[in-house]
Amino acid sequence: MTVSATRTPPPDRAPAPAPVPAAPRLTPAQRDRLTVAGPAALAAVLCFTSLTGRSLGFDEAATVTIAAQHGAKLFSGIAHDGGNMSGFYVLLHVLMSWFGNGAVVLRLPSALASVATVAITARIALRLFGRRAGLASGLLAAVSLPLIFWAQNARGYALMVAFVSAACLVFISLHERPRLTGWIAYAVLMSLATYSSFVAVLVVPAQLLTLLPRRQRRALVPFALSLLGIAVLCTPLILLAARRGSGQLFWVPRPTHEIEVQVLQSLTSAGLEPSFHATATTTLLLVLTLALAFAATVAIVVGPRVRGGREGSDARGRWGEGLVLSWLLVPVALTFVYSLLFQPLFLPRNLLMSLPAVAILLGGGLTHPRVPVRAGWAVLGVLLVLRGLQLAPSYATSPEPWGQASAYVLAHDRPGDCIAFYPADGRMAFQYYFARRADRTRRLPRPILPVVPFGTVRTYVEDYASLTPGQITRRGASCRRVWFVSSHEGQSNGPARSRTNRARFLQLQARLEQAFGRGHPRQFGYASAIHVRLLPGVRRSG
């Protein structure tokens, strides 16, 4: 008997799931690009937010008027300023010729330059201390009140900081691989920085200091040749500066405790007085930043050799740390000592070139291998929040609201009104806003100081002209009322020339009030406030 076995079919099995493709991993080069691009994108948002919300300031009006000139008049305006910011004036002259003089056009170069500064800062920190340091340094540079303020200002400071930062990046690359094209690029970038603002030269001694150790002295000869190239490229500036002298700095006082605090606030991004009032967290951010910077400095000076380069590489080590410290400290020390011995220069705006170094010092310190990762990022977060609390109130805040002051005069002027400015520089701001008002058929107040119709664009820089009683009688013969607009009148306790300008202002005011009656001043702004007095045209008795 045969027994047949019947096989039971195996149970159905679910098909094996298809393997999930692994997420594509970023290459080191891609991660480096993101490290730089992230902070730069944040900087772009912060720089372009409310770019035109702030009124043009006193110095911005001078920028616009100088850049609006042509030919010999443009050169004359640049020469009167000693050549300072001449490159920025020429650049703006070209942009205004193409696109007009709207606030976006005037401030666009500064905004783009500050975005570039943040990107370069992140790149420098990445090369010296690694990817985490690059990201931290870039974020700190992006959320910086001084950098954002000058990014929204039609002056040459933002371009100067960008070119100085780019020159430092090239300088670092030359430390790794010396080459002729690199030294040429360094000379060109430093020359462009100097054409943006004279104070750019303060970083040159800082860089020279890093070449004095024995191992670095091989670079002294090409560095000296680059300095010679810079001197040749900047010969026009040297001649203009020598011809002008230091007269345009008459208003800068010698260092005081108040100015020292303002410099520290700017370097730590804790404030920007007197342009913006201190907030409840200004002192906290100042003290915290100084403590962190001091700790990082001590670690560099007395600590053992630490990592440099990318993610633990020791290719650059202490040389890069020394460069950052020198970049920060040398311009500050030189400016302070020079201000005590010779011409005062110790002001926050003249030390802006050190702000990237502060960000790199802090970013490198917080991401140091000996600092716990979570603790480092937590402190970085606190710094960014505190910096943001200083930055937020500054948007659309006008310390010198010339637009508001000129609108007030336009809203209250009457036929037969005249207007006088002290100094004459204030006329340039009124000229800008008067020319842009919608109603061009309405008669403007007739200028009696200076005596130039508002249809004529003329440059007035540090023009503290006054009027004699006879001039007031002749020029004001047909004036029913007189608007007297003053700002930057001089300081009663400032340098000698500033005190002289103040005394001249008080004398002019007394003469105008004697001829047209006393007017109650209306103040606009708080940093270098604008005073507008309407003299009613009634002579004072006695």
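Which residues form a disulfide, and how far apart are their sulfur atoms? In this predicted model, C418 and C479 make the bond, with their sulfur atoms 2.0 Å apart.

**View 1. The whole chain, for orientation.** Here's the protein chain with its 21 helices and five strands. The C-alpha trace spans about 145 × 70 × 45 Å along its principal axes. Of the 542 residues, 52% count as buried. Look at contacts with a separation of 6 or more, and 77% of them come from residues 24 or more positions apart.

**View 2. The disulfide between C418 and C479.** The structure holds one disulfide, and this is it: C418 bonded to C479. The torsion about the S-S bond is about -90 degrees, so the disulfide is left-handed. C418 sits in strand 1 (residues 417-422), while C479 is in the loop between helix 20 (469-475) and strand 3 (481-486), so the pair ties together parts that are 61 residues apart in sequence. C418 counts as buried at 1% relative accessibility, and C479 counts as buried at 10%.

**View 3. C168 and C234, two cysteines without a disulfide.** C168 is in no disulfide, and the nearest cysteine sulfur, that of C234, is 16 Å away. With a relative accessible area of 2%, C168 is buried. C234 is in no disulfide either, its nearest cysteine sulfur being that of C168. C234 is buried too, with a relative accessible area of 5%.

**View 4. Surface and charge.** The protein chain exposes about 24900 Å², and carbon and sulfur atoms supply 64% of that. Count the charged side chains and you get 54 positive and 21 negative, with the centres of the two sets 3 Å apart.

Definitions and conventions:
Residues are numbered from 1 along each chain as its sequence is written. This is a predicted model: local features need pLDDT of at least 70, side-chain atom pairs count only at pLDDT 80 or more; totals for chains, interfaces and linings use all residues. Side-chain values use heavy atoms; hydrogens and water are left out. Helices (H or I, at least four residues) and strands (E, at least two) are DSSP runs, numbered from the N terminus. Buried means under 20% relative accessible area, exposed over 50%, partly exposed in between (1.4 Å probe, protein chains only). Contact means heavy atoms within 4.5 Å. Accessible areas come from the Shrake-Rupley method with a 1.4 Å probe; for residues, only the protein chains shown count as cover. Lys and Arg count as positive and Asp and Glu as negative; His and the chain ends are not counted. The place of a charge is taken as NZ of Lys, CZ of Arg, CG of Asp or CD of Glu. A disulfide is a pair of cysteine sulfur atoms within 2.5 Å.
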